[in-house]
2 protein chains.
Amino acid sequence: MATKKCNKKCAPQTCSQLQQHRGKFKPVLPNILKNGPASVKVKAGKPTKSVADQAKVKKIFPHTYGMPEIAFVKGANSGVSKKAINAAVVLSGGQAPGGHNVIAGLLDGFKKANSRNKLFGFLGGPSGVIECKFIEITPALMDKFRNTGGFDLIQSGRTKIETDEQLSKAKENIVNNKISAFVVVGGDDSNTNAGVIAEYLKKEGVDASVIGVPKTIDGDLKNEQIETSFGFDTATKIYAEMVGNICRDVNSARKYWHFVRLMGRSASHITLEVALKTHPNVTLIGEEVLAKKMTLAQVVDYLAKIVAARAKDGKNFGVVLVPEGLIEFIPEMKELIAALNDLLADNEEALAKLSKVSEKKEFVISKLPKKLADLMKSLPEGIASQLMLDRDPHGNVQVSLIETEKLLIEMLRARLAQLKKEGKYNGKFSAITHFFGYEGRCGVPSNFDANYTYALGYNAAVLALNKCSGYLSSVRNLVKNPKDWACGGIPLTMMMNIERRKGKEKPVIRKALVDLKGEPFKQLAKNRELWAKTESYLFPGPMQFFGPEEVTDMTTETLKYEHKKK
Amino acid sequence: MATKKCNKKCAPQTCSQLQQHRGKFKPVLPNILKNGPASVKVKAGKPTKSVADQAKVKKIFPHTYGMPEIAFVKGANSGVSKKAINAAVVLSGGQAPGGHNVIAGLLDGFKKANSRNKLFGFLGGPSGVIECKFIEITPALMDKFRNTGGFDLIQSGRTKIETDEQLSKAKENIVNNKISAFVVVGGDDSNTNAGVIAEYLKKEGVDASVIGVPKTIDGDLKNEQIETSFGFDTATKIYAEMVGNICRDVNSARKYWHFVRLMGRSASHITLEVALKTHPNVTLIGEEVLAKKMTLAQVVDYLAKIVAARAKDGKNFGVVLVPEGLIEFIPEMKELIAALNDLLADNEEALAKLSKVSEKKEFVISKLPKKLADLMKSLPEGIASQLMLDRDPHGNVQVSLIETEKLLIEMLRARLAQLKKEGKYNGKFSAITHFFGYEGRCGVPSNFDANYTYALGYNAAVLALNKCSGYLSSVRNLVKNPKDWACGGIPLTMMMNIERRKGKEKPVIRKALVDLKGEPFKQLAKNRELWAKTESYLFPGPMQFFGPEEVTDMTTETLKYEHKKK
């Protein structure tokens with residue numbers, strides 16, 4: 001067995017004081033789980049179907065489609081403890097606070113069922129499954145990582161197990177190491193992949209359960225069955241601490257506009273949650289920009305109006321939140337990027353002959369349809385060059401490199417100058433930019449995330465011990481006390497639909513965008529005029545682990561408002 | 001009286017949960033102060049002299065030079081309570097966590113002496129003193145701001161009261177409003193200014209005491225008498241939380257080098273403190289770069305060696321801390337900037353005729369001495385243009401706009417490419433940048449800063465009531481329990497020396513740079529080789545206000561090590 005030794009050392013003197021104390025925190029297990037897997041019985045609901053494209057999804061997942069939702073109820077179930085098993089876990093995709101506690105929950109769940117059960121961790125993400133690199137997660141090793149942030153115990157990776165060769169390799173390594181429970185911790189794509197592996201193993205007649213665990217700070221893995229993905233709570237608390245501090249600074253210095261870009265490319269949940277926590281003057285929500293089919297000029301104009309109105313009150317300062325993915329939500333920008341991707345590929349030779357950026361730009365503009373050519377002309381020089389020059393290895397525009405907040409500031413500055421000429425603006429505009437992303441992915445998990453991830457892991461162990469393959473670990477009623485959380489499993493196929501990815505139809509778990517009819521967005525919409533004019537800032541401060549419960553254990557505004565609705 | 005009404009509303013429902021609980025925190029007063037000003041007696045020490053240039057400083061401060069250090073001792077002093085007085089406070093310079101608690105300490109100290117004493121707050125910094133804009137700080141108003149971050153209660157500003165006209169205006173407003181105690185909360189420059197005002201009022205025969213309070217997150221206002229300035233503790237805790245999270249992310253993702261620039265232009269204390277709290281792979285300290293007279297190429301080479309050594313171990317990731325002021329500590333860069341300032345001013349017309357940046361650059365290079373011309377040529381395009389084009393209203397290069405971390409990354413990339421050609425490097429280098437500054441200036445003050453600032457304010461009130469004008473509020477023994485802190489005052493002139501500023505000799509409080517022979521730097525020097533090779537990261541996590549004392553009340557590593565030495 002290719003077990004690699006973990007050389008992680010974490011003696012007390014090499015830990016921060018908080019780490020030492022946080023290590024002693026005991027996550028609260030839901031009552032239903034607290035007596036261990038042998039006291040939990042599976043209660044199957046009605047057969048399920050996928051959220052859309054039922055026939056197509058069923059065809060791709062003949063062995064795992066239509067399975068019932070599962071709820072855990074109290075009852076003797078000693079069968080799960082009889083035979084010692086090997087289980088394995090893999091972390092997939094970007095880091096999220098609480099990953100280590102999922103593993104702790106898994107370990108404790110499996111060990112409670114049978115102390116001879118073993119848990120292995122594949123190293124470096126799904127590639128570790130293919131290459132068969134793993135370590136044993138012993139209780140002693142685990143104790144150094146309980147309630148800590150990061151994925152450093154076994155790391156993560158972005159490989160997917162998709163091709164026949166990869167699937168076959170994964171199967172081989174699972175079979176050879178007698179692994180009968182395989183847990184994938186990941187976002188929507190990784191859990192789709194977990195569903196694919198579950199289906200494959202069933203097809204191949206391998207007696208191993210594959211269980212998914214919903215992770216992503218972006219908050220876009222949620223639906224009727226999954227109330228939230230883990231990590232979102234902690235990450236947004238960290239970002240809100242920073243944004244709150246900036247709001248206080250703005251209100252003290254009273255001379256700058258701060259533009260804060262927040263992580264979240266495909267959905268604006270983080271930005272919305274941070275806005276509800278801090279009440280900034282302006283919050284842009286990608287989903288709304290898309291729904292209203294706003295042009296870039298309209299977005300800039302919306303900003304300019306607020307800046308000008310505040311300037312009239314003598315307030316040349318404020319805070320603006322910008323979701324990382326804004327650019328791709330602006331229809332004309334999406335169109336421009338798509339057109340550029342084609343145009344630059346088709347004219348590679350001709351462009352290579354032009355040495356100056358200005359010539360390249362002229363050439364590109366001459367080839368674009370008028371509407372897009374005008375848009376390209378309106379972009380600040382730096383951004384226009386970046387769109388033409390910074391390409392990924394496939395030749396595509398690297399949207400993630402675009403510093404949206406700087407783009408907005410440059411265009412806003414031009415718009416304000418114009419308003420000044422027209423006598424409609426008489427203020428000063430100085431802007432400062434921030435981007436928060438990496439700062440939140442590996443924070444110490446909040447009490448909520450520490451409890452939630454531990455429960456998700458423990459619950460996943462119970463699902464695996466009951467051979468519920470192709471399920472996502474599901475813990476619900478999250479606005480209640482953790483003791484009262486409901487546990488069970490959701491068939492992965494139930495959340496899928498068919499989408500086109502790179503020109504091919506693929507089954508994928510549907511991404512949750514900000515619901516413009518949902519209560520969280522409505523709260524923003526209801527208050528934003530007031531927040532724009534005033535300084536209604538809230539200062540959440542640093543996340544607390546000790547002290548009054550309403551400070552330490554409060555959940556997200558998003559969850560609170562979503563539950564209110566029900 | 002031109003009292004402006006404060007329209008700050010902070011009803012519970014508009015505060016975060018943490019704000020509400022934090023509002024109830026009662027700072028611990030040093031035992032010597034806890035029975036109020038009437039139980040504190042002044043014990044004068046020996047006459048003092050300035051740290052340097054004694055004759056010159058004495059000449060400028062004939063009325064306030066040479067005063068004794070003051071220690072507070074227990075004893076009846078009912079005189080301070082007899083007559084009701086008006087006091088006023090002004091916040092000067094950049095925000096620092098705890099400013100509101102200085103004001104709370106002042107208010108409580110003055111009110112304890114005589115409930116009819118009044119405290120006013122000048123608005124918007126020293127310009128509020130000149131323009132006579134102020135509000136009364138009533139107990140009810142104060143209660144909304146206790147233990148909060150920011151300076152929003154009365155705001156701050158960067159004006160200095162220096163010219164005869166300004167001094168005379170300030171005097172007029174102090175006299176007209178019967179203010180007999182005037183407290184200036186600020187950094188080295190602002191406290192120098194407090195000394196100037198104290199001297200001026202004495203000279204003019206005005207019976208008003210001027211007291212300074214040492215504030216700055218940068219940590220560069222400290223000396224034999226002042227152990228630390230307030231705000232440094234909180235700000236470095238906030239930055240260390242972020243840097244620790246990034247270290248954990250780096251160690252989980254294992255594919256990026258993160259370059260973190262930290263606030264602190266004239267000294268690298270913040271960077272050093274954050275390094276001692278988090279153990280990053282590389283920490284650049286401006287003062288060391290200066291002492292070793294390192295060139296930019298040498299700094300880049302130092303980085304390249306560590307990156308290459310880690311790559312050899314398969315570790316293409318790490319964390320680098322860069323102090324904001326690094327560029328100005330590199331002798332040749334300082335020289336280049338000075339030369340450019342002159343050259344660009346002298347050749348304004350000739351340069352205006354050149355339209356292309358490349359032509360301007362060629363022209364500039366042709367005029368520079370060879371050494372500086374070579375340096376200019378070695379700089380990445382973007383930085384070189386920035387040096388030539390981004391000028392402040394005085395025509396000077398805007399050093400603070402230079403994104404040092406990006407400069408280092410670009411040059412490092414070139415150096416690594418060269419090492420690769422030479423077969424000395426075989427890794428991948430992807431870099432991500434961060435700048436933390438504004439995020440820390442207005443954080444919720446730590447327990448330490450909340451206690452320290454409250455004590456500084458209360459202590460300043462006692463100094464003022466005893467008519468100790470020209471003193472800095474001094475609270476010492478800060479590594480002990482707040483109850484055992486020593487209180488008193490230090491003559492402002494004692495910390496001064498003469499420096500050339502804008503071509504003129506001026507008395508200023510000497511800035512404290514990182515002491516390369518001091519214990520904090522030695523700790524870095526002793527450990528940095530190990531930290532470079534390994535992942536000895538510490539994860540301080542978010543600042544805690546409740547829970548175990550060693551988590552909530554721990555002081556800075558800098559203070560701890562500086563006291564160890566003694």
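Okay, Lys428(B) is where I'd like to start: you'll find it in the loop between α19 (404-421) and β12 (431-436) of chain B. Helices here are DSSP runs of H or I with at least four residues, strands are runs of E with at least two, and both are numbered from the N terminus. At 66% relative accessibility, Lys428(B) counts as exposed. For the cut-offs, buried is under 20% relative accessible area, exposed is over 50%, and partly exposed is in between, with a 1.4 Å probe and protein chains only. Lys428(B) and Trp257(B) sit 171 residues apart along the chain, yet their C-alpha atoms are separated by 9.9 Å.

Quick housekeeping. This is a predicted model, where local features need pLDDT of at least 70, side-chain atom pairs count only at pLDDT 80 or more, and totals for chains, interfaces and linings use all residues. Residues are numbered from 1 along each chain as its sequence is written, chains are lettered from A and ligands numbered from 1 in the order in which they are written, and side-chain values use heavy atoms, with hydrogens and water left out.

Staying in chain B, look at Met142(B), in helix α6 (residues 139-143). Buried or exposed? Met142(B) is buried, at 0% relative accessibility. Setting aside residues up to four places away in sequence, Met142(B) touches His100(B), Ile103(B), Ala104(B), Leu107(B), Ile137(B) and Leu153(B); contact, by the way, means heavy atoms within 4.5 Å. From Met142(B) to His21(B) it's 121 residues along the chain and 16 Å between C-alpha atoms.

Next up is helix α17 of chain B, residues 370-378, where Leu372(B), Ala373(B), Leu375(B) and Met376(B) are buried. They cover an arc of only 160° around the axis, so they end up on the same side of α17(B). That arc is the one made by the directions from the helix axis to the C-beta atoms. Over on the other side of α17(B), Lys370(B) and Lys377(B) are exposed. What covers the buried residues? The cover includes α12 (296-312), α14 (331-346), α16 (357-367) and α18 (381-389) of chain B.

Now chain A, whole chain first. Its secondary structure comes to 24 helices and 16 strands. The radius of gyration is 25 Å, close to the 24 Å that the globule rule gives for 566 residues, so chain A is as compact as a globular protein of that length. That radius is taken over C-alpha atoms, and the rule is 2.2 Å times the number of residues to the power 0.38. Along the principal axes, the C-alpha trace of chain A spans about 80 × 60 × 50 Å. Buried residues make up 63% of the 566 residues in chain A. Of the chain A contacts between residues at least 6 apart in sequence, 78% join residues at least 24 apart.

On to some individual residues in chain A. Pro280(A) lies in the loop between α10 (269-278) and β10 (282-283), and at 1% relative accessibility Pro280(A) counts as buried. Which residues is Pro280(A) in contact with, leaving aside its neighbours within four places in sequence? Those are Ala275(A), Val319(A), Leu321(A), Trp531(A) and Tyr537(A). Pro280(A) and Val320(A) are 40 residues apart in sequence and 6.3 Å apart in space, C-alpha to C-alpha.

Thr283(A) is in strand β10 of chain A, and Thr283(A) is buried too, with a relative accessible area of 6%. Not counting residues up to four places away in sequence, Thr283(A) touches Thr271(A), Ala275(A), Leu321(A) and Leu524(A).

Then there's Leu290(A), in helix α11 of chain A. At 40% relative accessibility, Leu290(A) counts as partly exposed. Leaving aside neighbours within four places in sequence, Leu290(A) is in contact with Phe329(A) and Pro331(A).

Lys293(A) isn't a glycine, but has a positive phi of about 50°. Lys293(A) is in the loop between α11 (286-291) and α12 (296-312) of chain A, and Lys293(A) is exposed, with a relative accessible area of 62%. Asn477(A), also a residue other than glycine, has a positive phi near 65°. Asn477(A) is in the loop between β13 (471-476) and β14 (486-491) of chain A, and at 26% relative accessibility Asn477(A) counts as partly exposed.
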